[in-house]
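Colleague: I would like to go through this model and ask what stands behind the words used for it. Please set each value against its cut-off.

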Amino acid sequence: MIRVAGVGFLNAAPLMVGLADDPGVELFLGPPSEVARRLSEGECDVALLPVAAAATLGEIDLLDVGIVARGPVRSVIVASTSPLEAVERLALDASSRTSVVLARLELAARGSHAAAAGRVVACSPHEVVAAIAEPGVGGVIIGDPALEVEGRFPHLLDLGQAWVQRTGKPFVFAAWAARRGAFTDAIIARLRRAAEEGLAAREALANAYAKQRGEPAARFVSYLRDAISNTIDDAAEEGLRRFLREAADAKLLPPPDVRVLRRADAARPPRPTVDALLLRAAEGGRLSAAEGLRLYQEASLFDLGLAADEARRRHDAPDVVTYIVDRNVNYTNVCTTSCRFCAFYRPVGHEGGYVLSREVLGRKLQEVVDAGGVQILLQGGLNPALRIEWYEDLLRWIKATYGLGLHALSPEEILHLAQLEDLDVATVLRRLHAAGLDSVPGGGAEILVDRVRRAIAKAKCTSAEWLGVMRTAHRLGLRSSGTMMYGTVDTAEERIAHLIKLRDLQDETGGFTAFFCWDFQYERGTRIAPGDHGSVLYLRTQAIARLMLDNVAHVGASWVTQGPDVGQVALRFGADDWGSVMFEENVVSSAGTTFRMDAARIEDLVHRAGYRVVRRNVRYEHLGTPA
Amino acid sequence: MRSARFSEIEAKVRADARLDERDALALFEEPDLLALGALANEVRERLHGDRAYFNRNVRLEVTNVCVASCNFCSFARLEDGAPGSVTLTVPQAIEALRRKIDPAEPPTEVHVVNGLHPGLPFSYYEELLRALRAEFPYAHRKCFTAVEIHFFARHYGMSHREVLERLIAAGLESLPGGGAEVFAPEVRQRIAHDKATADEWLAVHREAHALGMMTNATLLYGHIETFAHRVDHLLRLRALQDEAIAAGRGRFQAFIPLAFHPDGNGMQALPGTTGVDDLRTLAVSRLVLDNFDHLKAYWVSSTPKVAQIGLSFGADDVDGTIVGETIYTAANKKAPDGLTVDELVRLVREAGRVPVERDTLYRVVREHPRAALEGQFKVRERRQGKHLAVVDVVHPEGSS
């Protein structure tokens with residue numbers, strides 16, 4: 001049985017129809033981003049992969065069968081009420097990175113600033129259509145929704161047409177793809193045969209689609225027949241390579257490492273050396289998943305550290321390490337998720353369950369203020385007794401009484417609230433934001449690969465849900481940290497996939513201020529065996545994160561889990577932030593890790609590692625050098 | 001980042017030229033910690049490849065009564081009968097060891113160090129060694145620091161040689177490296193004024209080497225000493241090792257830098273060492289002590305996590321299971337009490353090295369398969385100059 005992931009859009013239908021009835025094929029249809037996720041996480045053997053995803057994953061073989069535009073495509077457009085060169089911000093549907101990258105390249109080529117970092121807001125397709133009512137906003141619309149808005153906006157750029165006009169080459173949106181070397185002759189024959197059948201059935205497919213929508217068939221027929229072709233010939237391959245090169249030059253994608261299997265004897269592209277990859281990463285160039293994995297596994301500890309240190313210097317004041325004076329308050333330990341790695345939670349009704357009273361909280365918060373603290377990190381279990389009004393009151397009270405920054409409520413808690421109150425995530429976040437929420441902590445990310453999440457925290461949100469909360473938070477102007485807890489059942493490949501997901505979202509929103517990682521802290525009370533661990537792996541992981549996350553400004557050293565000595569050494573492996581003076585950290589300390597430090601000790605350690613130390617706030621703005 | 005001076009030193013190391021005092025000092029002051037570590041790692045891998053040694057050892061301290069008053073010590077109680085003072089009889093000592101020993105995992109070494117007790121007869125130590133030999137014949141007896149040997153010589157009116165010969169006759173097999181502290185007189189005077197001087201410590205080891213014994217050496221760093229004092233210390237050890245190698249009998253096997261822990265002793269106002277200092281000291285030691293075979297990242301003093309990184313900063317040994325350690329324990333060490341063989345094997349593997357269980361004399365007891373952890377360290381590339389020298393492919397199922 002071959003597991004195939006395909007795309008449900010009309011333009012892909014000719015490639016899919018012949019596979020649907022094939023008993024040797026298990027066919028999944030979904031949006032392009034989900035197709036890419038499946039191939040990345042080993043959930044399928046072959047995927048109709050957007051070419052941007054092929055570059056991001058790296059070491060991918062493409063078949064010469066895909067979705068190719070040789071002129072106007074109509075289904076991938078930028079629409080606006082303003083002329084395109086006056087487009088200042090982009091609203092985009094992030095379900096296809098290829099189209100997003102293409103839009104950014106084409107707008108940049110036309111002199112629009114909208115492609116620049118920080119001017120992109122990601123939305124769902126119908127939100128894009130709403131957003132472009134505003135002047136100065138361009139909306140990237142992909143797939144069938146693009147066909148629906150035809151003729152409704154005065155300024156429209158057909159991205160297929162734009163590319164073909166500018167470069168003289170066809171544009172390849174997607175192609176059948178597999179991990180390097182995984183295409184067999186049998187699979188190739190099957191996919192080609194299906195494509196031929198589909199080609200013959202184009203008119204019928206368009207008619208059926210039109211009928212389903214109750215619309216005239218002619219424009220869908222012409223769309224499939226004229227706008228889209230399915231063969232990657234010489235010219236199309238040249239177009240593909242040019243696109244990937246331009247995207248790499250703009251640092252939107254890693255340099256391509258894809259091969260197109262147009263002949264049986266297609267040569268594998270030469271592999272860059274580990275040294276070349278280190279050099280590229282140190283200089284701020286983008287690494288594919290395959291390249292990141294190679295460095296993570298093959299580069300020496302020192303080479304990784306030196307490259308990460310160089311990358312860190314590109315982001316920050318090279319001689320400064322920051323920290324924040326804050327406190328981690330776990331407002332309740334009552335939780336319904338029962339994660340296997342957690343020794344902190346108590347089930348509903350358990351006698352050891354608590355919700356902190358205002359009195360206890362107030363005392364803790366006053367201590368933070370007295371110690372010169374500027375923030376609290378407020379997290380807790382998923383306690384069904386606490387309603388959204390309780391949170392709103394709490395945040396307003398803290399803001400009004402203590403004036404502290406509120407780094408509060410991880411995505412899991414936000415989702416829990418949305419479900420409890422039957423509200424959408426955006427509404428929950430908007431209400432909490434209005435009540436004083438400043439940023440969303442990145443806790444609960446664990447590993448953003450669902451195989452891992454199912455194994456260690458079945459009741460928790462999926463990776464897509466976690467990322468969705470962060471996307472929404474960022475769009476509302478909230479900031480957040482990104483985290484990774486590894487060292488349970490996760491593989492090196494899955495850790496890299498996690499980093500890629502954070503990087504992709506950061507490309508869209510720019511909302512992550514910093515990244516922290518740590519290994520799972522095993523202790524009695526948790527029900528899961530430790531996986532990969534140790535200080536050397538910590539340093540390697542932190543360093544590869546610094547190199548992969550080329551668009552995240554800060555990386556923190558997790559001294560709470562690694563201890564002050566390793567935390568100090570980690571400053572040489574890409575970290576520029578010491579996290580916080582922690583008054584308490586209930587979750588980690590119930591699992592036995594109880595490193596504690598005051599500001600004087602932190603400053604001494606940082607100085608003795610050779611850096612200046614500066615206090616910061618939750619947005620990583622410097623608050624000046626402590627006396 | 002790296003200094004121009006460092007590049008000169010790097011060239012010397014690669015040409016196998018000996019580093020001098022100025023070089024050593026420059027290494028302690030080198031701002032680029034990773035360049036320093038990488039160079040030490042080159043030497044370490046040249047000597048030992050990916051192997052990292054450990055042994056199964058058990059500790060015994062028969063008395064903490066001590067006539068010396070070292071400022072850094074949280075262990076000794078000055079007078080017999082003072083609160084917390086302990087002196088075991090020989091049968092008590094044997095019983096204490098029996099309790100520490102897991103018969104399923106018998107130690108290959110028993111490591112005995114003590115306070116300088118003024119009230120015990122010399123025969124006590126001879127009896128102790130004979131009893132150890134009789135009760136635990138499988139365990140190598142590595143007993144008494146040079147400071148103790150020197151104390152015995154003074155206290156019982158013998159030469160170093162006489163003391164050593166009588167103890168060897170009773171079963172002594174090698175000397176641990178303790179008591180070296182810092183050799184430089186201006187430091188030693190302030191932290192350990194009333195025990196063996198540097199010259200006396202070195203004289204005992206010279207004598208032990210002449211008698212064909214293997215010994216170790218230590219440095220207690222991270223208190224009031226300067227980098228220059230550390231360099232002086234390393235160079236004195238290196239000079240004595242040159243003599244020992246020329247004489248062709250015994251010699252130093254391993255150098256063990258010991259991080260000072262400022263808890264419960266006369267110097268607790270000092271800040272103590274940090275991870276960066278621990279790694280730097282390992283790396284410089286590896287580069288300067290070019291005639292020492294082994295360098296230990298002693299996990300009890302530096303914590304297991306720093307010791308793991310130390311295995312990439314020049315160290316090739318993590319010491320052993322260390323059942324029953326009390327000296328760092330008295331200073332509130334940050335490390336756990338004792339590790340099992342499984343834990344040590346895991347510690348070494350997590351650091352990307354191949355665990356090798358050794359005996360006291362570095363003979364291989366058991367090579368553990370590399371058993372790569374999921375996803376880690378598939379291939380190791382080694383940088384030499386501008387070129388990458390290949391490559392050591394690791395097979396997940398076993399040693400390469």
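Colleague: Why is B:Ala76 called buried?

Modeller: A residue is buried if 20 or more other C-beta atoms lie within 10 Å of its own, exposed if 12 or fewer, and partly exposed in between, with C-beta atoms placed from the backbone. B:Ala76 has 24 other C-beta atoms within 10 Å, so it is buried. This is a predicted model, in which local features need pLDDT of at least 70 and side-chain atom pairs count only at pLDDT 80 or more, while totals for chains, interfaces and linings use all residues. Residues are numbered from 1 along each chain as its sequence is written, and chains are lettered from A and ligands numbered from 1 in the order in which they are written.

Colleague: Where is B:Ala76 placed, and which residues is it in contact with, leaving aside its neighbours within four places in sequence?

Modeller: B:Ala76 sits in the loop between strand S2 (57-60) and helix H4 (90-100) of chain B. Helices (H or I, at least four residues) and strands (E, at least two) are DSSP runs, numbered from the N terminus. With neighbours within four places in sequence left aside, the contacts of B:Ala76 are B:Asn64, B:Cys66 and B:Gly115. Two residues are in contact if their C-beta atoms, placed from the backbone, lie within 7 Å.

Colleague: What puts the buried residues of H1(B) on the same side?

Modeller: The buried residues of helix H1 (residues 4-14) of chain B are B:Phe6, B:Ile9 and B:Val13. They cover an arc of only 65 degrees around the axis, so they are on the same side of H1(B). The arc is that of the directions from the helix axis to the C-beta atoms. On the other side of H1(B), the exposed residues are B:Ala4, B:Ser7, B:Glu8 and B:Ala11.

Colleague: What do the buried residues of H1(B) pack against, and which residue follows the helix?

Modeller: They pack against helix H2 (21-29), helix H3 (33-48) and helix H11 (275-288) of chain B. B:Asp16 follows H1(B), with a positive phi near 65 degrees.

Colleague: How many helices and strands does chain B have, and what makes it as compact as a globular protein of that length?

Modeller: Chain B has 15 helices and 13 strands. Its radius of gyration is 21 Å, close to the 21 Å that the globule rule gives for 400 residues, so chain B is as compact as a globular protein of that length. The radius is taken over C-alpha atoms, and the rule is 2.2 Å times the number of residues to the power 0.38. Of the 400 residues of chain B, 55% count as buried.
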